[in-house]
Amino acid sequence: MDSKRKKKSPSLFKSLDWLTIFIYMVLLALGWMSVCGASYDYDQAGNIIDFSTRSGMQIVWIGSSLLLAFFILMTDDRLIESLSYIIYICFLGLLFATPFLAHDIKGSMSWIKIGNSSIQPAEFAKFGVALCLAKVMSTYNFDVRKWRDFIICLILIIVPMGLIIMQKETGTALVYSAFFLVLYREGMPGCLLFTAISAVVYFVIGVRFAEEPLWGIEEMSLGHGLVMLLIQVFTIGLIWVYGGKATDDKQRTKVSRQILLYSLVIDVAAILIARFVYPCNAVWAMVFVCGASALYLLYLSMRDRVLPYCLIALFTLGSMGFFYSADFVMNKVMEPHQQMRIRVLLGLEDDPRGAGYNVIQAKIAIGSGGLEGKGFLNGTQTKLKYVPEQDTDFIFCTVGEEEGFIGCAIVLLLFLSLILRLLHLAERQPYTFGRVYGYCVLSIFLFHVFINVGMVLGLTPVIGIPLPFFSYGGSSLWGFTILLFIFLRIDAGRNRLQH
Amino acid sequence: MEGKQGSTKANYELEKRKYVIGGAAVVIIIVYLLRLFTLQLLSEDFKMSADSNAFLKRIQYPARGAISDRNGKLLVYNQPAYDVMVIMIEQIGVDTLDLCESLDITRDWYEHRMEEIKDRKRNPGYSSYTQQLFMSQLSTEEFSRFQEKLFRFPGFYIRKRSIRQYNYPNGAHLLGDVGEVGPEDIEADNYYRSGDYIGKLGVERSYETVLRGEKGMEILLRDARGRIKGRYQSGKFDIAPIPGRNLTMSIDIELQALGERLMKGKLGSIVAIEPSTGEVLCMVSSPTYDPRIMIGRQRGKSQKLLAQDPHKPLLNRAIMGQYPPGSTFKTSQALTFLQEGIITPGTAYPCSHGFHFRGLKVGCHGHGSPLPLIPAIATSCNGYFCWGLYYMFGNRKKYKTVQDAMTTWKDYMVSMGFGYKLGIDLPGEKRGMIPNAPFYDKAYRGSWSGLTVISISIGQGEVNLTPLQIANLGATIANRGYYIIPHVIKEVQGMPLDTLYTKKHYTRVQRNYYETVVTGMRQAVLGGTCRIANTSFYEVCGKTGTAQNPHGQDHSVFMGFAPRENPKIAICVYVENGSWGATYGVPIGALMMEQYINGKLSEASQARATVFENKHLYKTNDDLPPAP
């Protein structure tokens, strides 16, 4: 048995996933080139490896990250697993203490100064939360579909998020919502994800078209009308999909047709009246339709004792409630700069000097790159500081400007292959712990790439989060390295004989 | 066991969710790649935006060429002026009230100007990232006042430019002036950008491309805050400006000044030409104005006042005024008749106070009759030249029809430089009028004869010449048969003169006939109509003209040259409504010739000049702004 065990436990070197490490190395190299391009200063031309420059410092961060990676690979994955809760609690304490220790940097209270450099605990806390989630979800009999277990997960995610929001780092806090993707993989109902996504859609459409009149009727807001229409469409669609399971197909068809007919007649009639007879806010008629449909569904669920109708009714009512409270939050709760960022993203503000300036300059920088780019260190837009935060959040502009479409495509495809590789590695884990942690890692990478590249391309809100391995800075680079290499260490131990 | 099986099945179901997550990642990356594709490969706009962001293309203005007179006296040179520039994107938040006060402009003007700058139709090169001309040509005092406060107005810059300055108050029509380019100039020549200067009149316009030089360009790297971070590629693509070439005019500024002085209060023109070279020695058009009122920002105001003046001071009468030449034209007739063999110097025609024939009457003054050619020229006999034309146009042995005779006559006239633009190097020259056979065929429906058109023989009727053409006639006679196209620029620095201005144009008349006419003109000075011009210092030849015009008093004309041998100056004086040629034309011409040949006026002549200076034929306009 002993000899067999030895045979079955191959060396760390052989069981490491070298493909992931290769992609990691290539991304690091490309990232360093981009930092060189972005932080290049005409006054100090030629000193890209001088440690007093950003590009020189990035070499230090990259070197220390590699060292860090090496140490992580040298530890025992079982040790890491057993320390999960302690690490999580330590991070909670640290996150809680950060605002009291931090210096105010551009309104953010998330940086702790250690010696000459500052670190951002929120960047590291991600792996702590990931470990904790993995540990909790791998406990015996844990099932995220159970309310109790789901709420435990929710609390584990929301507490650090709240602490980070208190540091005024909303962007970093939002990254933690990526963990919901992990919960989805582990069994969280898909309709919850659907609900969350539709909430985002309501919000975006509602705010984007709030000020525009519907069909020339000044009293009616196009945004509100569209959202009400969407709620009606979703309601009918949900009846169509889930109604069959609740009763039978005939009943479902009948109910959905009824609601479709009434909604259509009342909506169209109300809008026609507002347009041609008496100008009034016909959105209220649409709100009425939504409400009436929900009540009708509630009545049906009572009469026939079927739960799905009740849930659909709740979805409909919840959608309306969410939309109107989001409207309120947007106008009353959000801070002006956040409001502005959202409005700019949705195309409501196009003052080139205002908040839209970032997005416009980012597009100019990327667009000017063309197919092949201007060449290493030849970009002008990022170097001359037209793009703000050009070596951190907007680093992708430098890739676009200097390396062109080809460079951008290579970088994006590298990220995609990294994420898909991690997906494959996560799925091959023999234990829930490894799988959940793997999904946490890939979800965070996916979220960062989605938001960061999206904002640079003007497709997603301008949320200040770094592009992994590209953005300048020790904290984020160390954070991502730790996150990734702990998973690689766990993966390397997958073939160990079960005890 | 059942539960475990169920959970395995559920786990299998859940494993399929990896495709949802992986699929989402793939979709996101594909969407981003498509977005990148449209941003980077489908639109050129971003490249241009990027260039206008990062490259500050600073234009380097060359010094405009200086202009001096034929004796090397500096007439026009450059002096510094200061333009106020604005970069729209940087000027937000400027205290406009303070700005308007500092620049002494009104709020309305400010707003109007800002609108103008942003209007791409009027300002095609507009970009909110580059310097746009806000206000031009601040004087040194205005500039120093504004510069003290400049730090308070971000986005506003000072650009040093040079504007023209004039040493003499003379020669406005010749020198012309410089003003901002209009939209049509930018349209016509893409060298110009809004706010550039261009020659507007005179040699400033006709020699614009020589005077302006070539603009240079510095390509600077500018960061987001507008700070200059150095030269693009260490100035590899910079272009150095090429200064404009200096011009030497053929004008004698002293002579020009005297001419303007003598023409004060009179409408008309004086043109003097050096016969051997075709160089214009002076070109006076009256009324004139001081070129210095056209400098800087007062140009617009002055221009408007001048344009409104009923006496049209902006009109260069020397080349744009088309007048009947009157009796000065008789010399050209004499030459034509001699060459065509209609007369010989000995041929005498009768004149009994004019030309009386078949009920037609052209009046003349008292002199002996019949008389041959030379006294006919000297006494300016109308009858003689009417007979000449009558016999020429009626000569059916030589010319088959009157049309043939007319065409021959016209060819002589054209060979003497009439009827078409001479081609002087000034803008706006008019061609005058020499009628031809089809013209009369149309006017008289084919039924006309020498008698019908008899008045053209004495420089009346349909014949019109510019004073320049009359002066050129004088030069041609002085040269005994050829002229060189008159020109006002003697030398362009570093460039040979256009061969157009060195080539001799021979007329159709032989040299010996010219001698006869010269003798007639000499007789006119010695004992004819031009006696006032006689002087013991040199031999003056001249011919008066008293041109009738339907609008009032006759025009007073003089055409002459001196000395008789190796002439140095040929001249035309044309005074509108000055009555007899001897009243204004001859004395003014005599003073001009004296000034040029002797280099100064004698005391007696000075006194006479003052008398003429103060003889005014119309009420002068005192509304014109004084020169600074």
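Trainee: Which residue, with a positive phi, follows α19(B)?
Mentor: This is a predicted model, in which local features need pLDDT of at least 70 and side-chain atom pairs count only at pLDDT 80 or more, while totals for chains, interfaces and linings use all residues. Residues are numbered from 1 along each chain as its sequence is written, and chains are lettered from A and ligands numbered from 1 in the order in which they are written. Helices (H or I, at least four residues) and strands (E, at least two) are DSSP runs numbered from the N terminus. With a phi near 60°, the residue that follows α19(B) is B:R480.

Trainee: How far apart are the end C-alpha atoms of helix α19 of chain B?
Mentor: The expected span of a helix is 1.5 Å times one less than its number of residues. Helix α19 of chain B covers residues 467-478, so its twelve residues should span 16 Å, and this agrees with the distance between its end C-alpha atoms, which is 16 Å.

Trainee: How many of the residues of α19(B) are buried?
Mentor: A residue is buried if 20 or more other C-beta atoms, placed from the backbone, lie within 10 Å of its own, exposed if 12 or fewer do, and partly exposed in between. Among the buried residues of α19(B) are B:P467, B:Q469 and B:N472. The helix α19(B) is largely enclosed by the rest of the structure, because its buried residues number twelve of the twelve.

Trainee: Which element of chain B gives the most residues to the side that touches chain A?
Mentor: The contact takes 33 residues from chain B and 37 residues from chain A. Elements giving two or more residues to the side of chain B include α1 (2-15) and α3 (45-54), but the most, 16 residues, come from α2(B).

Trainee: Over which residues of chain B is the pLDDT below 50?
Mentor: The pLDDT is the predictor's confidence in each residue, from 0 to 100, and chain B has a mean of 86, with 96% of its residues reaching 70 or more. Where pLDDT is low, the predicted coordinates should not be read in detail. Beyond near neighbours in sequence, the stretch below 50 in chain B has zero contacts in the model, and it covers residues 1-6.

Trainee: How many of the 25 residues of α18(A) are buried?
Mentor: Helix α18 of chain A spans residues 432-456, and its end C-alpha atoms are 36 Å apart. The helix α18(A) is largely enclosed by the rest of the structure, because its buried residues number 23.

Terms used. Two residues are in contact if their C-beta atoms, placed from the backbone, lie within 7 Å.
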